[in-house]
Amino acid sequence: MENVFEKAKKAYDNIMKTAQAMFEIHEEAMKGNGVDFSVESAMCELDVLIQYSMLQIALNDGNLNENEVAFIKNLSSYLDFCGYLNQRGYQDVTWDVIFSTDEESLKEVLKEAKEDILALSKNFVVIFSLIDAMTPQQDYLEELKQDFVNITCAVMQSDGEIYKCEITNGCMFLEILNTIYKTKAANVENINNKKAQEAPKKKTLKDYYVKKN
């Protein structure tokens with residue numbers, strides 16, 4: 001368990017480091033447009049999204065294990081999912097409360113929070129897809145994907161059992177990554193088209209032809 005957690009913690013730290021680098025690029029760009037953007041707030045929101053996705057995975061096999069709950073709890077560094085729920089109007093929610101809660105009611109809570117989580121995810125889709133398209137020298141998306149896959153596998157292993165349904169029954173972060181990849185492709189095409197339009201047109205050979213009288 002400790003070995004699995006250490007691998008997941010390393011992957012989580014990598015995700016947050018990659019995301020912070022992208023958020024800082026976005027922050028500088030927004031300053032130029034007179035728009036305030038908080039890297040710290042974005043990191044907290046991403047942390048909530050990751051924990052939400054891990055809870056989805058943990059619940060997908062119909063058996064929320066104590067190790068899974070402890071795993072998710074100890075991974076977070078920015079904004080604890082329980083704190084997020086308490087900000088949304090719940091009272092005194094802790095990870096002990098989550099573990100002792102009926103799983104169907106916990107799924108209902110995740111379902112209720114889904115709209116707000118999706119709203120957060122739209123910002124990540126815009127930021128990650130655009131920054132990644134603008135920085136071809138650094139494959140941020142592939143780094144995010146690999147590290148989250150590592151976290152996902154670790155969560156699935158944390159209860160000692162791995163079931164296909166844990167990933168096939170829904171994981172919002174992976175769904176968002178797929179959307180980011182599609183959006184990035186459109187951004188790359190737009191960037192290339194803009195470069196092509198701005199590039200000076202080459203002369204044709206006929207531009208050098210002078211008709212003789």
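At 66% relative accessibility, Asp92 counts as exposed; here exposed means over 50% relative accessible area, buried under 20%, and partly exposed in between (1.4 Å probe, protein chains only). The model is predicted, so local features need pLDDT of at least 70 and side-chain atom pairs count only at pLDDT 80 or more, while totals for chains, interfaces and linings use all residues. Residues are numbered from 1 along each chain as its sequence is written, and side-chain values use heavy atoms, with hydrogens and water left out.

**The chain overall**

- The chain holds 9 helices and 0 strands. Helices (H or I, at least four residues) and strands (E, at least two) are DSSP runs, numbered from the N terminus.
- Read from the N terminus, the order of elements is α-α-α-α-α-α-α-α-α.
- The chain has 213 residues, and 40% of them count as buried.
- Residues 24 or more positions apart account for 79% of them.

**Asp92, a loop residue**

- Asp92 sits in the loop between α4 and α5 (95-100).
- The phi angle of Asp92 is near 55 degrees. That is a positive value in a residue other than glycine.

- Asn65 caps the N-terminal end of α3. A side-chain oxygen of Asn65 lies 2.6 Å from the backbone nitrogen of Asn67.
- Which residues in α3 are buried? They are Glu68, Val69, Phe71, Ile72 and Leu75.
- Seen down the axis of α3, these buried residues fall within an arc of 160 degrees, so they line one face of the helix. The arc is taken from the directions that run from the helix axis to the C-beta atoms.
- An α-helix has 3.6 residues a turn, so residues three or four places apart point the same way.
- Ser76 lies in the loop between α3 (66-75) and α4 (81-87). Ser76 counts as buried, because its relative accessibility is 17%.
- The side chain of Ser76 makes two polar contacts: one of 2.9 Å with the side chain of Asp47, and one of 3.3 Å with the side chain of Gln51. A polar contact is a pair of N or O atoms within 3.5 Å; within protein, one must be able to donate a hydrogen and the other to accept it, and residues adjacent in sequence count only if both atoms are side-chain atoms.
- Neighbours within four places in sequence aside, Ser76 is in contact with Tyr12, Asp47 and Gln51.

**How helices pack**

- Two packed helices are described by the angle between their axes and the distance between the axes. Axes are lines fitted to C-alpha atoms, for helices over the stretch in contact, and angles run from 0 to 180 degrees between N-to-C directions.
- Helix α2 (residues 39-60) packs with α3 at an angle of about 170 degrees, and their axes are 10 Å apart.
- α2 and α3 are therefore roughly antiparallel to each other. Angles under 35 degrees count as roughly parallel, over 145 as roughly antiparallel, 65 to 115 as roughly perpendicular and the rest as oblique.
- Where α2 meets α3, α2 brings Gln51, Met54, Leu55 and Ala58. Helix α3 brings Glu68, Ile72 and Leu75.
- Helix α6 (residues 103-134) and helix α7 (residues 140-157) pack at about 130 degrees, with axes 8 Å apart. That makes α6 oblique to α7.
- Phe128, Ile131 and Asp132 in α6 meet Tyr140, Leu141 and Leu144 in α7.

**Leu59, a buried residue in α2**

- Leu59 belongs to helix α2. Its relative accessibility is 2%, so Leu59 counts as buried.
- Beyond neighbours within four places in sequence, Leu59 is in contact with Leu64, Glu103, Leu106, Lys107 and Leu110.
- Leu59 and Glu104 are 45 residues apart along the chain, and their C-alpha atoms are separated by 9.1 Å.

**Cysteines**

- How many disulfides does the structure hold? The number is 0. A disulfide is a pair of cysteine sulfur atoms within 2.5 Å.
- Cys171 lies in the loop between α8 (165-168) and α9 (172-198). Cys171 has a relative accessible area of 3%, so it is buried.
- Not counting residues up to four places away in sequence, Cys171 touches Ser53, Gln56, Ile57 and Phe148.
- Cys171 and Asn60 are 111 residues apart in sequence and 9.2 Å apart in space, C-alpha to C-alpha.
- Cys44 is buried, with a relative accessible area of 18%. Cys153 counts as partly exposed, at 35% relative accessibility.

Key:
Contact = heavy atoms within 4.5 Å.
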